[in-house]
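Please read them with the structure open.

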Amino acid sequence: IINLLPRFYDPKKGEIYIDEQNIRSVSLYSLRKSISMVSQDIILFDDTVRANIAYANLNASEEEIKKACEFAAATDFIEKLPQAYETIIGENGIRLSGGQKQRISIARAILKNPDFLLKNIDFLKGTFSPEPAAGEGCEALCLQANLLAGGLPAGAASIASHTRATQ
């Protein structure tokens, strides 16, 4: 379901409307520009923590990056890294734990300040994180009311999809 809104897939039956507009009538670029996604599969670059977060908004100020990290419960672990925000995290964040990667992903999604924030996090498998602070970041993300200083734009939506573990 979470892949239908950004049109990774089109529905076999029916249509999807946002504010009475069929999403098929909106350009993919425009639609996806208004969406930020936190998924189970996190893509991180062999670069600094700051660069990985700022990828969502290359014009973000230092203050905006730090607010996004606070909201994502990432500040504490980032500040404990050898060079804090300037620490190189390695390809796909190899130098970070799973929970730390997830928090970087949440901070990146928040920094984009999207109209729609999609979350697909698998809590039951434990792939999100066994670390309490990461859970706090996700809880805040799932219950969010405000992003950064200005909050979500009027009418913005936060959509969560939780995957059940299968054994």
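Which residues does Tyr 85 touch, not counting those up to four places away in sequence? The points below start there.

1. Tyr 85 and its contacts. This is a predicted model. In it, Tyr 85 touches Thr 48, Val 49, Arg 50, Ile 65, Lys 66, Cys 69, Thr 75 and Ile 78, residues up to four places away in sequence not being counted. Tyr 85 itself sits in the loop between H4 and H5. Is Tyr 85 buried or exposed? Its relative accessibility is 5%, so Tyr 85 counts as buried. The C-alpha atoms of Tyr 85 and Ala 51 are 8.5 Å apart, while 34 residues separate the two along the chain.

2. Overall layout. The protein chain has 6 helices and 5 strands. Starting at the N terminus, the order is β-β-α-β-α-α-α-α-β-α-β. The chain has 167 residues, and 40% of them count as buried. Take the contacts between residues at least 6 apart in sequence: 74% of them join residues at least 24 apart.

3. The largest nonpolar core. This core has 24 residues. Which of them touch the most other members? They are Val 49, Ile 53, Ile 65, Cys 69, Ile 78 and Ile 104. H2, H3, helix H4 (75-80) and H5 each give two or more residues to this core. H5 gives the most, with 6 residues.

4. Ile 78 and the second core. Neighbours within four places in sequence aside, Ile 78 is in contact with Val 49, Ile 53, Cys 69, Ala 84, Tyr 85 and Ile 104. There is also a second, separate core of 10 residues. Its members include Val 26, Leu 31, Ile 35 and Phe 116.

5. Arg 108. This residue deserves a look. Arg 108 lies in helix H5 (residues 98-111). Arg 108 is buried, yet has no salt bridge. How far away is the nearest side chain of opposite charge? It belongs to Asp 47, and the distance is 9.5 Å. Sequence neighbours within four places aside, the contacts of Arg 108 are Ser 36, Ile 43, Leu 44, Phe 45, Asn 52, Ile 53, Tyr 55 and Ala 56.

6. A nonpolar surface patch. Ile 43, Phe 45 and Tyr 55 form a nonpolar patch on the surface. Together they have about 330 Å² of accessible area. Each of these three residues is also among the contacts of Arg 108. Tyr 55 is in the loop between helix H2 (49-54) and helix H3 (62-71). Tyr 55 counts as exposed because its relative accessibility is 52%.

7. Salt bridges around Asp 10. The structure holds 6 salt bridges. Which side chain meets Asp 10 at 3.0 Å, N to O? That partner is Arg 7. Arg 7 counts as buried, at 19% relative accessibility. Asp 10 counts as partly exposed, at 36%. Asp 10 also forms a salt bridge with Arg 24, with the closest N and O atoms 3.9 Å apart. This pair links distant parts of the chain, 14 residues apart: Arg 24 is in the loop between strand E2 (21-22) and helix H1 (28-33), and Asp 10 is in the segment before strand E1 (17-18). Arg 24 is partly exposed, with a relative accessible area of 46%.

8. The salt-bridge network. Arg 50, Glu 62, Lys 66 and Glu 86 are linked in a network of salt bridges. Within it, Lys 66 pairs with Glu 62, the closest N and O atoms being 3.9 Å apart. Both residues lie in helix H3, 4 residues apart, about one turn of the helix. Lys 66 is partly exposed, at a relative accessible area of 32%. Glu 62 counts as partly exposed too, at 35%.

Key
Residues numbered from 1 in each chain as written. Predicted model: local features only at pLDDT ≥ 70, side-chain atom pairs only at ≥ 80, totals over all residues. Heavy atoms only, no water. Buried < 20%, exposed > 50% of the residue type's maximum accessible area, 1.4 Å probe, protein only. Contact = heavy atoms within 4.5 Å. Lys, Arg positive; Asp, Glu negative; His and termini not counted. Salt bridge = Lys/Arg side-chain N within 4 Å of Asp/Glu carboxyl O. Patch = residues over 30% accessible without salt bridge, like charges linked within 9 Å, V, L, I, M, F, W, Y side chains within 5 Å. Areas by Shrake-Rupley, 256 points an atom, 1.4 Å probe, with all protein chains shown as cover. Core = buried A, V, L, I, M, F, W, Y, C linked by side-chain atoms within 4.5 Å.
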